[in-house]
Amino acid sequence: MDYNRIREKLSILADAAKYDVSCASSGSNRKNNSGGLGNSTGMGICHSYTEDGRCVSLLKILLTNHCIFDCAYCVTRKSNDIPRAAFKIQEVVDLTINFYRRNYIEGLFLSSGIFKSADHTMERLIAVARKLRVEENFNGYIHLKSIPGASDELMYEAGLYADRLSVNIEIPTISGLKLLAPDKRHEDFTQPMNKVKNEIIRYKDELKVNRHTPKYAPAGQSTQMIVGATGESDRDIMYSATHYYRNYGMKRVYYSGYIPVASDDRLPALGSQVPLVRENRLYQADWLLRFYGFSVKELLDEQKPFLDTDIDPKLSWALRNMHLFPVNVNTADKQLLARVPGIGIKGVHTILKARKHRALTWDHLSRFQLALNRAKYFITCASPDVYHRDREAGNLKELILHQSRSKYRHLHANQLSLFN
Amino acid sequence: MEQATILLYDGSFNGFLTAVFKTYSDKIATVDIQRADKGQHGLFSDAVHVVTDTALAQRVWHGIRKKSGQAIKEIYFAFLSEQEGIERLLLSYIRRIFSEVRAVRSDLGNEMVLRIEQLARKVGREKHRMEAFVRFQLTADGIYFANIEPDFNVLPLISRHFRSRYADQEWIIYDLKRNYGLHYDGSCISLINMDLPKSFTNTLQLGDEFHESEASYQELWGTYFQKTNIRSRINKKLHEQHVPRRYWKYLSEKKPLQALPGA
């Protein structure tokens with residue numbers, strides 16, 4: 001094996017794949033029953049983290065970065081003058097197996113530029129997955145990219161070998177898509193998504209009758225949207241995310257702050273800053289929707305098309321709904337506790353357990369993993385009340401900002417100095 | 001004043017549970033349980049050596065499990081933290097579990113209960129880290145070898161994970177701090193002690209005890225690790241939070257990378 005040649009290809013094709021955010025390796029249920037290699041059950045594992053702080057769980061590469069499309073936001077678009085490379089199927093298989101055996105990774109995330117046609121590309125991706133499963137007896141995690149426009153038959157076959165399938169919607173609005181990816185139609189994205197959704201439903205139904213039903217994408221499907229490329233609002237993004245969660249049964253929607261990779265009049269200029277804070281706030285909002293019982297309308301609406309950047313969306317919601325607070329931690333129900341700024345789901349469970357035994361005081365609460373610097377203004381407990389809650393929302397926000405050290409504080413330094 | 005009796009055990013979890021059994025069967029009131037090799041018993045106390053008895057240990061194990069399956073797991077995890085005084089803490093916890101009708105584990109407003117829960121969680125985190133950070137290096141005789149220095153004694157906890165994952169390869173995970181390891185020979189796991197000439201960190205030069213392809217794969221992995229990073233998003237603080245520096249020396253991706261020839 002020519003390691004240097006492989007290393008060159010890996011350099012090019014890992015570099016081109018890194019803009020795909022997803023690295024999840026959780027939620028599958030592939031046991032190693034055959035005495036073969038690997039398993040992927042339940043919890044995912046992040047084997048390392050890159051210097052940008054992102055998890056490395058899968059070998060995330062493109063099969064090739066040759067592409068017939070010319071999407072403005074994409075680094076591998078055909079008009080971009082970059083080195084191109086292509087892996088052979090066996091090369092990807094060898095890399096995956098050898099990395100996996102050394103405990104570097106949980107599995108493979110394979111995507112590709114589109115060469116010849118959508119179906120032709122999809123076939124090659126499936127060939128890699130098939131080889132891993134059938135010839136190498138590999139039970140690790142496989143995430144395949146659904147190529148926009150791939151046929152239903154291929155999407156069916158892909159799900160038989162993959163744990164997760166994803167197709168990236170990339171541009172949250174249809175007008176944005178027309179502007180930046182004129183070769184692609186909205187339906188090209190939704191068609192494979194729909195097929196996968198229906199197959200997952202069918203698989204789950206058949207599983208109830210026959211537990212030997214061949215697995216179909218047991219870790220579900222996901223998608224990704226670029227943030228900050230087309231002037232879309234947070235409301236556009238979160239409403240469309242809600243749409244995909246609800247109508248396509250998505251396991252995850254990822255948000256990817258646009259990193260300028262091309263100079264193009266339609267896009268932010270090269271070198272402009274990646275909207276990291278905005279991306280972070282969107283993820284926080286996403287969590288509120290999925291785990292904290294919020295509906296998207298409570299966070300964003302026509303009057304409020306953007307999330308606050310200086311405070312998190314839960315605090316922002318609470319400040320707009322001061323009439324609901326303070327809540328008593330010793331009596332409030334679970335749903336309401338989860339809505340208190342500074343109390344996370346783990347904190348909720350701790351409180352629910354502990355209060356069965358005794359009335360909780362500040363002393364107890366301070367030993368739990370809560371962000372009391374925020375929470376204390378929204379709760380009461382068995383101790384005497386020391387935090388004056390007859391505050392205006394505006395004052396309270398400044399007070400909290402002043403007393404906490406946000407990692408984004410430097411970005412808002414100007415606003416804060418007004419109150420110093 | 002009643003004489004304080006100290007039970008000395010061999011350091012194993014079964015040994016500890018045997019000692020717990022003794023406190024009940026011999027009705028010992030004031031008691032501490034200490035490892036025989038670390039015992040610092042005072043002048044005015046009796047020290048009694050407890051001989052580990054798996055059958056007695058099992059009775060305690062099942063007794064606790066009958067009260068709460070989660071509690072016994074938590075006790076085991078907390079025990080493996082090897083914290084100073086952990087035996088005394090766990091003993092009073094176990095006593096409370098046996099003496100009360102209602103569940104004790106959820107009483108997180110109680111300092112002891114909370115402390116044990118937190119310790120168990122810390123050990124759980126270290127277990128998960130080791131499942132992530134073990135880096136096997138293929139030896140010349142075909143064994144996937146890794147050495148580690150975990151903060152807590154997590155080898156017993158990770159053994160099942162690695163066995164079911166790497167069922168078709170021979171491997172060794174060796175804890176340098178506690179000087180013992182797991183060896184899987186393709187069918188079962190045994191505990192081993194080795195006289196390692198040195199620790200095998202992620203050095204650039206691999207000795208000839210390793211397979212000829214090993215250096216190449218480490219280089220490929222290192223290349224991947226660098227190329228998958230997005231420079232414009234750099235956040236080293238977050239990086240070090242997730243991968244604390246003390247783990248770096250055994251991580252293959254943290255070794256300096258030689259430039260590609262011709263690049």
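Chain B holds eight helices and eight strands, where helices (H or I, at least four residues) and strands (E, at least two) are DSSP runs numbered from the N terminus. This is a predicted model, in which local features need pLDDT of at least 70 and side-chain atom pairs count only at pLDDT 80 or more, while totals for chains, interfaces and linings use all residues. Residues are numbered from 1 along each chain as its sequence is written, and chains are lettered from A in the order in which they are written.

The C-alpha trace of chain B spans about 80 × 40 × 35 Å along its principal axes. An automatic or database domain assignment divides the chain as follows.

| Domain of chain B | Residues |
|---|---|
| Domain 1 | residues 4-125 |
| Domain 2 | residues 134-254 |

The C-alpha centres of domain 1 and domain 2 of chain B lie 33 Å apart, and their contact takes four residues from domain 1 and four residues from domain 2, a contact being two residues whose C-beta atoms, placed from the backbone, lie within 7 Å.

Helix H3 (residues 69-79) and helix H4 (residues 86-99) of chain B pack at an angle of about 170 degrees, with their axes 10 Å apart; axes are lines fitted to C-alpha atoms, for helices over the stretch in contact, and angles run from 0 to 180 degrees between N-to-C directions. H3(B) is therefore roughly antiparallel to H4(B), the word applying to angles over 145 degrees. On the H3(B) side, Ala71(B), Ile75(B), Ala78(B) and Phe79(B) meet Ile86(B), Leu90(B), Tyr93(B), Ile94(B) and Ile97(B) of H4(B).

Conventions: Angles under 35 degrees count as roughly parallel, over 145 as roughly antiparallel, 65 to 115 as roughly perpendicular and the rest as oblique.
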